[in-house]
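Biologist: Please take one part of this model and go through it closely. I would like to know what surrounds it and how the neighbouring parts are arranged.

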Amino acid sequence: IAAGQARWEDELTVRDDLKSLPSGTMQDEPAGTTHTLRHVAEQMIAISDNTAADHLLAHLGRETVEASQASLGHSDPTLNQPFLSTRELFVLKLVFDDAAVGRYLAADTAERRRMLAEEVAPLEPTIAQAAGWTSPRFIDTLEWFASTEDLCRAMAALHALAAQPGLEPVAAILAVNPGIP
């Protein structure tokens, strides 16, 4: 937004291929429903809406999100390359078998990007598959990775960004979910 490449008023259209599993409610909306970028960001934070997060990732671009990690103070952004959508993570953990996950984990970033586009994207995780997910899967190798310090630096950077003209909504969006009482 600060660079002028996106606006809070941008309309994002709900797409079936970007619908993820809950948490959230956006996955239940009909394809073609539109919301502003600000509303989608609010849903991502307010109720941890996975489908909202995936629509933001698609709108902003995976590479843009990857690059933003360094500017937000992440100590090793390469740990999250490619930056996974929630839907992709669910497919990798719920739909792919262990051999396919092994191929993904052994691949370099370029091959992982290819696998996400060609092998993961056509698959759809289901609630029934998630119901059988009763223990951690690949938590040391297949996740979004950030240390406590990385997260604190990101929040401090977002707080500073919210003080810039035009970026004031960042503070309101982050405050929409007060966290643990």
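Modeller: The part to start from is helix 4, whose buried residues pack against helix 2 (50–60), helix 3 (62–71), helix 5 (98–106), helix 6 (109–120) and helix 7 (127–131). Helices here are DSSP runs of H or I with at least four residues, strands are runs of E with at least two, and both are numbered from the N terminus. The model is predicted, with local features needing pLDDT of at least 70 and side-chain atom pairs counting only at pLDDT 80 or more, while totals for chains, interfaces and linings use all residues. Residues are numbered from 1 along each chain as its sequence is written, and side-chain values use heavy atoms, with hydrogens and water left out.

Helix 4 covers residues 86–95, and nine of its ten residues are buried. Buried means under 20% relative accessible area, exposed means over 50%, and partly exposed lies in between, for a 1.4 Å probe and protein chains only. The buried residues of helix 4 are Thr86, Arg87, Glu88, Leu89, Phe90, Val91, Leu92, Lys93 and Leu94.

Phe90 counts as buried because its relative accessibility is 14%. Its ring belongs to an aromatic pair, and the count of such pairs comes to one. The rings of Phe90 and Trp133 have centres 6.1 Å apart and planes at 85°, so they are edge-to-face. The rule takes rings of Phe, Tyr and Trp (its six-membered ring) with centres within 6.5 Å; planes under 30 degrees apart count as stacked, over 60 as edge-to-face and the rest as tilted. Trp133 sits in the loop between helix 7 and helix 8 (148–161) and Phe90 in helix 4, so the pair ties together parts that are 43 residues apart in sequence. Trp133 is partly exposed, at a relative accessible area of 27%.

The loop between helix 7 and helix 8 also holds Phe138. Phe138 is not a glycine, yet its phi is positive, at about 55°. Phe138 is partly exposed, with a relative accessible area of 26%.

The peptide bond joining Gln81 and Pro82 is cis, with omega about -5°. Pro82 is buried, with a relative accessible area of 4%. Leaving aside neighbours within four places in sequence, Pro82 is in contact (heavy atoms within 4.5 Å) with Arg62, Glu66, Tyr104, Thr109, Arg112, Arg113 and Leu116. Pro82 and Ala110 are 28 residues apart in sequence, and their C-alpha atoms are 8.4 Å apart in space.

Helix 5 and helix 6, both packed against by helix 4, also pack against each other at an angle of about 140°, with axes 8 Å apart. Axes are lines fitted to C-alpha atoms, for helices over the stretch in contact, and angles run from 0 to 180 degrees between N-to-C directions. Helix 5 and helix 6 are therefore oblique to each other; angles under 35 degrees count as roughly parallel, over 145 as roughly antiparallel, 65 to 115 as roughly perpendicular and the rest as oblique. Ala100, Arg103, Tyr104 and Leu105 of helix 5 make the contact with Arg112, Met115, Leu116 and Glu119 of helix 6. The residues of this contact divide into five nonpolar, no polar and three charged. In this division Ala, Val, Leu, Ile, Met, Phe, Trp, Tyr, Cys and Pro are nonpolar, Asp, Glu, Lys and Arg are charged, and the others, Gly among them, are polar.

Helix 2 is another partner of helix 4, and eight of its eleven residues are buried. These are Asn50, Thr51, Ala52, Ala53, Asp54, His55, Leu56 and Leu57, and they pack against strand 1 (11–13), helix 1, helix 3 and helix 4. Helix 1 (residues 37–46) packs with helix 2 at an angle of about 135°, with their axes 8 Å apart. That makes helix 1 oblique to helix 2. Leu37, Val40, Ala41, Gln43 and Met44 in helix 1 meet Ala52, Ala53, His55, Leu56, His59 and Leu60 in helix 2. The contact of helix 1 with helix 2 has eight nonpolar, three polar and no charged residues.

Between helix 1 and helix 2 lies the loop with Ser48. Ser48 has a positive phi, near 50°, in a residue other than glycine. Ser48 is partly exposed, with a relative accessible area of 40%.
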